[in-house]
Amino acid sequence: MKPYQSLIWILSMIGFSSSSNVIREEETYSGLILEKSQILPSAFGVKAVLFNPEGTKLYALNLEGGSIYEFSQSEKTISKKIIFQQTKAQGLDYRTHRTISSFAEKPVEGCFSHKILWVSFHNAGGIMPISTDFLPLSNTDKNLSYTKAVVIDLINQRKDTISLPLIKTGKTPKVIAKTADQNNLLVSNWSSNTISLLKLNDTLAPYGKKIASFNMPSTPRGIAIDDKNNRSYITIMGGNKIIVINNKTWKVERSFIVPANPRHILAGNDSRLFVSFNASAKIACIDARTGEILFIAKTGLQPRTIVLSENQKFLFVTCYGGNSVDIFKITSRAFTRIYTLSCTGKPVGIAIYENEDKLEAWVGNYIAGNLKVFTFKKVY
């Protein structure tokens, strides 16, 4: 037992709460020391990575590869591959803004609820619920379209084919976010300029139904849900706004003006928002109540996904154009960069695993088609 843990136990025995500010500060780590990095092969076009709620499995969503790979956190190996049957569809060329010939089943972003992995599909116009046991759904809905996928279990050396339903949301769906009670999902639809609201259930497939849609002023992407204050925040990447939705009424409440091209957004403690700005290569901390920028910092070129450590003292940023990962220590008034780590291959997605002694940052490299895992020792 660490000294601070013994102190907490003693104080709790005599009636003091371990939630006091002094104890909270002493029990969390204040530094990170990089110990090693390793590269794990995935598939071309790794767009997003996310851990299951238990932190035992990581899922790499391979947009160009038309697949999802399941990795063991402890073994750092692929345990399953989910390969989608591809059907022809119209895609989007982001440089020319013109439609191109492509495939529908290109996984973009993901989110977990009720042990279901929700995945948005770039050119399919919707999201799919995937049970992480990868068994066929218990029932089918004739009103939905279905896609076949081959599940390759590398541990048990078996191959199965499953059918997965598509719940229509809007054109070019991107980010998916859930409320803490797991009652609702929000989906940003890039080309439709809309946000979709879904009602969830945990018993009956397909486990969700679209119940509303919000019109956005331009291209939406990032979604941050603040459950404590019952608000959702949407970044308008095609403009310079953050849209605020009231989660009690499910109505657009107001908007904030911010620098152009906001991409990813996170809701932190103390009514603070953290945002990456792709074009200007910056990150910002914003007051969620007023929209005021509290502090800002430069990053590598084209910052994409951002993620907070569990104690919210560190912010990790993938820099697509910079081929790097920037790590900042956060105080009440500033970002302080503590690492810029080489990550060749155009990093996009990032997810964090933590235990008491270490932190792992798993980074998906889009062009290289691999994951780079950075392991840090925690300093108390």
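I began with β21 and strand β22 (residues 272–277), which pair in the antiparallel sense over four bridges. This is a predicted model, and I read every entry here with that in mind.

Next I went to Thr 299, which I located in the loop between β24 (293–298) and β25 (303–308). Is Thr 299 buried or exposed? It is buried, because its relative accessible area is 9%, and the cut-off for buried is under 20%. Leaving aside the neighbours within four places in sequence, I listed the contacts of Thr 299 as Ala 281, Lys 282, Ile 283, Val 317, Cys 319, Asp 326, Phe 328 and Arg 337.

I turned to strand β2 (residues 46–51), where six of the six residues are buried, so the strand is largely enclosed by the rest of the structure. β2 pairs with strand β3 (residues 57–62) in the antiparallel sense over five bridges, and Ala 48 stands opposite Leu 61 in β3. The two strands, β2 and β3, form a hairpin with five residues between them, and in the turn I noted Gly 55 with a positive phi of about 75°.

I then looked up the largest pocket, in which about 1,400 Å³ of space lies. It is lined by 42 residues, of which Leu 50, Cys 111, His 264, Leu 266 and Val 307 are the closest to its centre. The elements giving two or more residues to this lining are β2, β8 (107–113), β13 (173–178), β17 (220–226), β21, β25 and β29 (347–354). Which element gives the largest share of the lining of the largest pocket? I found that it is β29, with six residues. By class, I recorded the lining of the largest pocket as 24 nonpolar, ten polar and eight charged residues.

My last entry concerns the second largest pocket, with a volume of about 850 Å³. Of its 29 lining residues, the closest to its centre are Lys 47, Leu 92, Asp 93, Tyr 94 and Arg 95. Two or more residues come from each of β6 (88–93) and β7 (98–103), and β6 gives the most, with three residues. I recorded the lining of the second largest pocket as nine nonpolar, eleven polar and nine charged residues.

Conventions
Residues are numbered from 1 along each chain as its sequence is written. This is a predicted model: local features need pLDDT of at least 70, side-chain atom pairs count only at pLDDT 80 or more; totals for chains, interfaces and linings use all residues. Side-chain values use heavy atoms; hydrogens and water are left out. Buried means under 20% relative accessible area, exposed over 50%, partly exposed in between (1.4 Å probe, protein chains only). Contact means heavy atoms within 4.5 Å. Two strands pair if DSSP finds at least two bridges between them. On a 1 Å grid over the protein atoms alone, a cavity is a set of points where a 1.4 Å probe fits but cannot get out, and a pocket is an open set with protein on both sides within 12 Å along at least five of seven lines; lining residues have an atom within 4 Å of a point. Grid points are joined across faces, edges and corners, and a volume is the space filled by probe spheres set on the points. Ala, Val, Leu, Ile, Met, Phe, Trp, Tyr, Cys and Pro count as nonpolar, Asp, Glu, Lys and Arg as charged, and the others, Gly among them, as polar.
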